[in-house]
Amino acid sequence: MDLDATHPAISDLRRTARRRVPRFVWEYLDSATGDEVSVGRARAALDEVRLMPHALRGSVSPDLGVSLFGRHYNLPVGIAPVGMSGLVWPGAEAMLARAGAAAGIPYCMSTVAAATPEEVGPHMGGMGWYQLYAPRDYGIRDDILARAREAGFHTMILTVDVPAASRRERLRRARITNPMKMTAPVVIDAALHPRWALATLQSGIPGLKTLEPYAKAAGNMPGTAHIGYMIRTAPDMQYLEDLRGAWDGPLLVKGILSAKDAVAAVQRGADGVWVSGHGGRQFDGGPAPIRQLPQIRAALGPEVPVIYDTGVRSGLDVLRALALGADMCMAGLAFHYGVAAFQEAGAAHVAHIFKAQLEADLAQLGCATLADLPGHLIRTSA
């Protein structure tokens, strides 16, 4: 199949993904919290960012590469972490890691993945970032850090925007549980999607595999109640300082929306910040992250790396964020739509879509380098 002909945009992959996975999987992947107003707000704010094309610039062949913390990436977009990727499609974590390695872009793996760092490490090709949900037990934290480092992950991401569990009403209506329970509706739904069901039967019911050894060591079988207790989801500044002392590589803080918080995080040891609204999955009343990005960049100055995510669905969205001060974007749902639709080939196709769109739009702008993008930004009073 020629995916460039049948699925030229990420929206095409999204439609196919929705058909190819059970409803409860789709609800897990695509839902937010509350009335999901924040999702529309983030999208609308991105669409309002306009860039001015400049004519008579001749042939433009822009270099899409970016450098962060002494490492080169081929594109200014990477694969953001999504918990339980293996629920979306069995083996998704390794598929995404291989796609990232092939494209020369970072793959960020979640603490709550359905695979372990040891399983995914061999597939990363030196592109591995690790997203940490902060364990309340420092012994568990240090063991996870050691496992991630040994597996080849070199950049640590501390997620700080999950201080409490959100309601996620769509998930409740879909009866999604963790660990997964094989209820009659789940079995029937899975049977209607035989490719997904067969792959899941072969690989086993997905679970929080990285955390399972700690739950077992504490005398409990893996389960949301005990593992949830182990993960301290509301780290404070002291936790960040302690993590800085325990991790000797680049350290980013993910989930920043306030310029004040961004400055404080860097002062306490972060090497950079990751501007994110968690895809609207935690809080429905916050600002559109893209609107916060210029303030955060201004507060940090030009030298501190700033990553952006939330609502990134195209190369144009990436250019919008870079024009407003980001050094790189990360996309989670887009790559998972690819995996759900066409597994590893789908993830690779998402990287191809981003690259092709970036090249076309930069040429249209007459923009020779990514660093020139701020000069194409159309300033508005909004």
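Me: What should I know before I start looking?

Reply: This is a predicted model, where local features need pLDDT of at least 70, side-chain atom pairs count only at pLDDT 80 or more, and totals for chains, interfaces and linings use all residues. Residues are numbered from 1 along each chain as its sequence is written, and side-chain values use heavy atoms, with hydrogens and water left out.

Me: How many helices and strands does the protein have?

Reply: Helices (H or I, at least four residues) and strands (E, at least two) are DSSP runs, numbered from the N terminus. Here you get 18 helices and 10 strands.

Me: What does the radius of gyration say about the overall form?

Reply: The radius is taken over C-alpha atoms, and the globule rule is 2.2 Å times the number of residues to the power 0.38. For 382 residues, a compact globule would come out near 21 Å, and the protein's 20 Å agrees with that. Along its principal axes, the C-alpha trace spans about 65 × 50 × 40 Å.

Me: What share of the residues is buried?

Reply: Buried means under 20% relative accessible area, exposed means over 50%, and partly exposed is in between (1.4 Å probe, protein chains only). In this protein, buried residues make up 56% of the 382.

Me: Which residues does Leu319 touch?

Reply: Contact means heavy atoms within 4.5 Å. Leu319 sits in helix α17 and is buried, at 0% relative accessible area. Leaving aside residues up to four places away in sequence, Leu319 touches Leu51, Leu358, Asp361, Leu362, Leu365, Leu370 and Leu373. For the protein overall, take contacts with a separation of 6 or more: 74% of them join residues 24 or more positions apart.

Me: How many aromatic pairs are there?

Reply: Rings of Phe, Tyr and Trp (its six-membered ring) pair if their centres lie within 6.5 Å; planes under 30 degrees apart are stacked, over 60 edge-to-face, and the rest tilted. A search of the whole structure turns up seven such pairs. One of them is Phe24 with Trp196, whose ring centres are 5.7 Å apart with planes at 85°, so that pair is edge-to-face. Phe24 is in helix α3 (residues 23-30) and Trp196 in helix α11 (residues 194-203), so the pair ties together parts 172 residues apart in sequence. Phe24 counts as buried at 6% relative accessibility, and Trp196 is buried too, at 2%.

For a stacked case, look at Trp26 and Tyr337: their ring centres are 5.7 Å apart and their planes are at 25°. This pair also links distant parts of the chain, with Trp26 in helix α3 and Tyr337 in helix α18 (residues 333-365), 311 residues apart. Ring pairs also join Tyr73, Trp129 and Trp274 into a cluster.
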